[in-house]
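Look at the chain below and pick out its strands and helices before reading on.

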Amino acid sequence: MKTLRLFFLFTLVSLIALSASYAQKRPNIHILATGGTIAGAGTSTTGTAYTPGQVAISELIAAVPELNEIANITGEQIVRIGSQDMSDEVWLKLAHYLNTLLKRQDVDGVVITHGTDTMEETAFFLNLTVKSNKPIVLVGAMRASTSLSADGPLNLYNAVVTASATESTGRGVLIVMNGLILGAHSAMKMNTIDVQTFQAPNSGALGYVFNGKVHYNQTTDKLHTMQSVFDVTNIETLPKVGIIYSYSNVESDALEALINKGYEGIVHAGVGNGNIHKNLFGKLADASRQGILIVRSSRVPTGPTTLGAEIDDSEYGFIASQELNPQKSRILLMLALTKTKNYKTIQTYFNNY
């Protein structure tokens, strides 16, 4: 009988040791929650009305128990907002925290739950300001957690799979939505309601997640994270940069408001290849001469805004945004202005980032 008890005790200790060893081998993934639709709750499973950011991070994690088969999961709430209310303050808070968090030996990667409205902007900001090769993955949902076929749980699962994969190391900040793995530079929200809203129309997805495994097809040549020259360690506020949207017969009232309100930079969301209406051109040229940095981008969703196309950018000191859309151009210009006001140097940033 004593021998049998010893056998069972030895077996139990072995199983506990094996379980502990398995847990140690799994990566440690920390989830930061900011709110958004993925944490949204509504009164109907089939309607579209809901309130974002209602579900706590602990509930999101508990709703996907399969996460514990992939990684050792921890989580914390950063803010609870719809991403339409995302701000420079939250961006800087995230960047400062991530730069500390990712230095820890017990953190192998980070997943950030986020609303989809400004997810591409947050991803791009972090891509330029976080100094780590460890995986950082943003994820959201197009349907609230209370919806009948909510996409959040699978998106969260795929995000943790991606953040846990060694293949994700050194690829910059990623967005994982609807099975696709997208780079922060190229990811764009392309549809207001569909679950396949995030695409990379200019360069294609970096890869995809299928059956719990990542599959990468390409990398980006754009500079990011460890290669980035931008450092927000001691920065508490960012330079003011606004966006002016162009259209036929546009008047200059909105532009004049930005110029008179002390904006350090202006992004022009132009027509075609960043072209500028005659009602705005002279005022933008004057603003440039006064030291306000002007970036020509385009309201067209795909294709670059090229340097010196129909406009001689060097004559006016304008900057061409290349593949960056107006909202990402604003982010890069804000960060560029923390380092220089030389438009030629800033143009090299737009060429490389």
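Strand 11 and strand 12 (residues 265-270) run parallel and are joined by 5 bridges. Helices (H or I, at least four residues) and strands (E, at least two) are DSSP runs numbered from the N terminus, and two strands pair if DSSP finds at least two bridges between them. Gly242 stands opposite Ile266 in strand 12. This is a predicted model, in which local features need pLDDT of at least 70 and side-chain atom pairs count only at pLDDT 80 or more, while totals for chains, interfaces and linings use all residues. Residues are numbered from 1 along each chain as its sequence is written, and side-chain values use heavy atoms, with hydrogens and water left out.

The open sheet has 4 strands in the order 11-12-13-14, with parallel pairing. Strand 11 (241-245) and strand 14 (318-320) are at the edges with a single partner strand each, so one side of each has no neighbour in the sheet. Neighbouring strands of this sheet are turned by 25° against each other on average, direction ignored.

Two helices can now be placed on this sheet. Helix 6 (residues 253-260) lies across strand 11 and strand 12 and runs at about 170° to strand 11. Helix 10 (residues 343-352) packs on the sheet and touches strand 13 (293-298) and strand 14, its direction making about 10° with that of strand 14. Contact means heavy atoms within 4.5 Å; axes are lines fitted to C-alpha atoms, for helices over the stretch in contact, and angles run from 0 to 180 degrees between N-to-C directions.

Next come the aromatic rings. There are 7 aromatic pairs, counted when the ring centres of Phe, Tyr and Trp (its six-membered ring) lie within 6.5 Å, with planes under 30 degrees apart called stacked, over 60 edge-to-face and the rest tilted. One of them, Phe281 with Tyr316, is edge-to-face, with 4.9 Å centre to centre and 85° between the planes. Phe281 is in helix 7 (residues 278-289) and Tyr316 in helix 8 (residues 313-316), 35 residues apart.

The structure holds 1 cavity of 30 Å³ or more, a cavity being a set of points on a 1 Å grid over the protein atoms alone where a 1.4 Å probe fits but cannot get out, and lining residues having an atom within 4 Å of a point. About 60 Å³ of space lies in the largest cavity, a volume being the space filled by probe spheres set on the points, which are joined across faces, edges and corners. Its lining has 14 residues, with Val300, Gly303, Glu323, Leu324 and Asn325 nearest the centre.

Conventions: 1 Å grid on protein atoms, 1.4 Å probe; cavity = no way out; pocket = protein on both sides within 12 Å on 5 of 7 lines; lining within 4 Å.
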